Structure formats: structure tokens, C-alpha cells
Amino acid sequence: MIILDNVTKIYENGVVGLKNIDLRINEGEFVFVVGNTGSGKSTLIRLLLKEIEPSSGAIVIGDKNLTRMNKEQIPYLRRNIGVVFQDFRLFENKTVFENVAFAMKVIEQPAKTIRRTVPNILSAVGLEGKARCYPKQLSGGEKQRTVIARAILNNPSILLADEPTGNLDPKTSWDIIKVLEEINRSGTTVIVVTHNQEIVNSMQKRVIQIEAGKIIRDVIKGGYRE
Ligand SMILES: Nc1ncnc2c1ncn2[C@@H]1O[C@H](COP(=O)(O)OP(=O)(O)OP(=O)(O)O)[C@@H](O)[C@H]1O
Ligand SMILES: [Mg+2]
């Protein structure tokens with residue numbers, strides 16, 4: 001469960017990122033976060049990752065209060081949260097397998113576990129047969145699937161996706177959203193920031209709309225218009 005209690009983020013230069021946000025997202029939910037450019041969507045994502053600190057208010061994820069958490073605990077928080085961004089952030093000199101396996105290596109999983117797990121994850125995101133490819137040999141959708149594979153590898157309870165379809169054509173965007181929906185179906189809480197009205201409108205999931213740092217709309221099932 002994710003709770004934001006009266007969270008305000010004002011950046012160092014005085015710009016308001018988010019203002020007085022109260023929000024509760026339950027385990028297993030699929031949530032779209034929408035809103036105009038500059039409205040505060042990525043600010044929300046970065047607060048949940050503890051990449052930035054709120055100016056006031058409290059953020060709780062599971063049984064952890066992020067605002068009281070010390071530096072040593074941050075890696076454990078992030079292990080529990082998978083992240084997918086619009087720009088793919090893959091290692092160009094590593095294969096698909098190595099790009100994904102990397103996420104297990106950094107938490108010192110044994111090689112045997114890695115060899116067993118990575119192929120399963122790759123087929124879960126529809127990348128069987130691509131393990132030996134380098135990023136430059138992949139389509140945009142395949143690259144994004146690789147990023148998603150890496151994000152879900154350590155079985156996070158939350159998956160945050162900030163414009164995961166931003167650089168993809170409509171068909172590929174749908175494929176990626178379906179992969180995210182599948183991951184949600186297995187129990188992971190999924191939060192997707194997007195500008196894609198067509199996808200939001202037809203998925204009929206919870207939609208949180210942010211404008212100028214405030215939540216102006218929060219519907220259980222619905223769409224939106226910018
Ligand atoms: N590091 C920063 N320093 C100062 N201001 C920032 C910083 N990051 C974001 N902002 C400002 O905070 C506001 C919210 O930005 P944010 O990135 O959350 O918007 P967004 O909703 O993700 O927009 P987009 O849809 O374009 O990605 C904007 O006015 C932005 O300029
Ligand atoms: Mg953004």
C-alpha cells in the first residue's frame with residue numbers, strides 16, 4: 001500500500017512540483033497518472049523512489065515511512081520497486097540476457113539462479129529468442145520489453161512506469177500496456193504515467209489526473225481528456 005499524506009514538493013528554485021497531495025493506492029491496483037506536461041507526474045514517481053524528498057508531508061510504502069528512512073535503507077526500498085522510463089536506459093554493449101541479468105548481479109544472486117530466472121522473465125515479456133541480441137538489434141518495443149523484464153526480475157511489489165510508451169508507435173504501445181496489465185494480474189501494483197488518452201480511455205482503470213501539482217480528478221474506472 002502506498003500513502004501520501006499532505007505531500008508538497010517545492011524545488012530549490014521555488015517551482016511547485018506537487019502541492020498538498022493526499023493519495024492512497026492499494027496493493028494490486030493498476031493506476032494511470034495523467035495530466036498536462038509540467039503538472040507533477042514525474043515528481044510523484046521520483047518521490048516514491050526517494051530520488052527526491054518532499055518539502056513537507058509523509059510518504060509511506062508498505063510498512064516503511066520514506067520520510068524517516070535513512071540512506072542505508074534506500075536500496076531495500078528500491079529493490080521492492082521496479083521502474084520503467086520512456087528512454088530505455090539499456091547497456092548498449094550488453095545483450096538482452098546480460099542487461100536483464102545485471103539487475104540480479106547487483107544484488108549478488110548466484111549465477112545458477114540467474115541462469116534459471118532470466119529466461120523465464122524474458123518469455124514472460126515475450127522476448128524468447130532475443131536473449132543474445134544487443135539493444136541496437138531490437139525494435140523500440142523489444143527494447144522496452146527488456147527494460148520491463150529488468151524491472152520485474154526481482155519480483156517487486158510495485159512497478160512504476162513513467163511514459164513507458166512515449167517513444168513507441170500505437171500498436172507497440174498497446175503491446176507494452178498489455179505486458180504491464182499482465183504483470184499487474186500477477187499481483188504487482190502498477191502505476192503508469194502516460195499522455196496516451198486512447199489507451200487510458202479504453203482500459204477503464206483508475207485514473208489520477210494532476211494539474212499544476214494538484215490532484216484534480218481521481219476515478220476508479222474511467223478515461224480523461226487533456
Ligand atoms: N529538478 C527540478 N528543479 C526545478 N523544477 C523542476 C525540477 N523537476 C521538475 N521541475 C518542475 O516541476 C514541475 C513538475 O514537473 P514534472 O517533471 O513532475 O512534470 P510532468 O507532469 O512529469 O511533465 P511531463 O508530462 O512533461 O513529463 C514543472 O514545472 C517542472 O518544470
Ligand atoms: Mg514527466
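At what angle do the axes of helix H3 and helix H4 cross? In this predicted model, the axes of H3, which spans residues 96-105, and H4, which spans residues 111-124, cross at roughly 125° and come within 10 Å.

## Helices H3 and H4

The crossing in which H3 passes H4 is right-handed.

On the H3 side, the contact is formed by Val96, Phe97, Val100, Ala101, Met104 and Lys105, and these residues meet Thr113, Ile114, Arg115, Thr117, Val118, Pro119 and Leu122 of H4. Sorted by class, the contact of H3 with H4 comprises 9 nonpolar, 2 polar and 2 charged residues.

## Helices H3 and H5

H3 also packs against H5, and the axes of these two helices come within 8 Å and cross at roughly 25°. H3 is therefore roughly parallel to H5, since angles under 35 degrees count as roughly parallel. Here, too, the handedness can be stated: H3 passes H5 in a right-handed crossing.

The residues that H3 brings to this contact are Val96, Asn99, Val100 and Ala103, and their partners in H5 are Thr146, Ala149 and Arg150. The contact of H3 with H5 is made up of 4 nonpolar, 2 polar and 1 charged residues. Val96 and Val100 of H3 take part in the contact with H5, and Val96 and Val100 are also listed among the H3 residues that meet H4.

## Helices H5 and H6

Helix H5, covering residues 140-152, packs with helix H6, covering residues 170-185, at an angle of about 15°, and their axes lie 10 Å apart. H5 and H6 are therefore roughly parallel to each other, and H5 passes H6 in a right-handed crossing.

From H5, the residues Gly141, Gln144, Arg145, Ile148 and Ile152 meet Thr172, Asp175, Ile176, Val179, Leu180 and Ile183 in H6. The contact of H5 with H6 divides by class into 6 nonpolar, 3 polar and 2 charged residues.

## Surroundings of ligand 1

Ligand 1 is surrounded by 14 residues, of which the closest are Thr37, Gly38, Lys41, Ser42 and Thr43.

A polar backbone atom of Ser39 is 3.2 Å from an oxygen atom of ligand 1, and a polar backbone atom of Gly40 is 3.0 Å from an oxygen atom of ligand 1. For Ser42, the contact comes from the side chain, in which an N or O atom is 2.8 Å from an oxygen atom of ligand 1.

Key:
Residues are numbered from 1 along each chain as its sequence is written. Chains are lettered from A and ligands numbered from 1 in the order in which they are written. This is a predicted model: local features need pLDDT of at least 70, side-chain atom pairs count only at pLDDT 80 or more; totals for chains, interfaces and linings use all residues. Side-chain values use heavy atoms; hydrogens and water are left out. Axes are lines fitted to C-alpha atoms, for helices over the stretch in contact, and angles run from 0 to 180 degrees between N-to-C directions. Helices (H or I, at least four residues) and strands (E, at least two) are DSSP runs, numbered from the N terminus. A crossing is left-handed if the near helix is turned anticlockwise from the far one by less than a right angle, and right-handed if clockwise. Contact means heavy atoms within 4.5 Å. Ala, Val, Leu, Ile, Met, Phe, Trp, Tyr, Cys and Pro count as nonpolar, Asp, Glu, Lys and Arg as charged, and the others, Gly among them, as polar. A residue is near a molecule or strand if one of its heavy atoms lies within 4 Å of it. A polar contact is a pair of N or O atoms within 3.5 Å; within protein, one must be able to donate a hydrogen and the other to accept it, and residues adjacent in sequence count only if both atoms are side-chain atoms. Angles under 35 degrees count as roughly parallel, over 145 as roughly antiparallel, 65 to 115 as roughly perpendicular and the rest as oblique.
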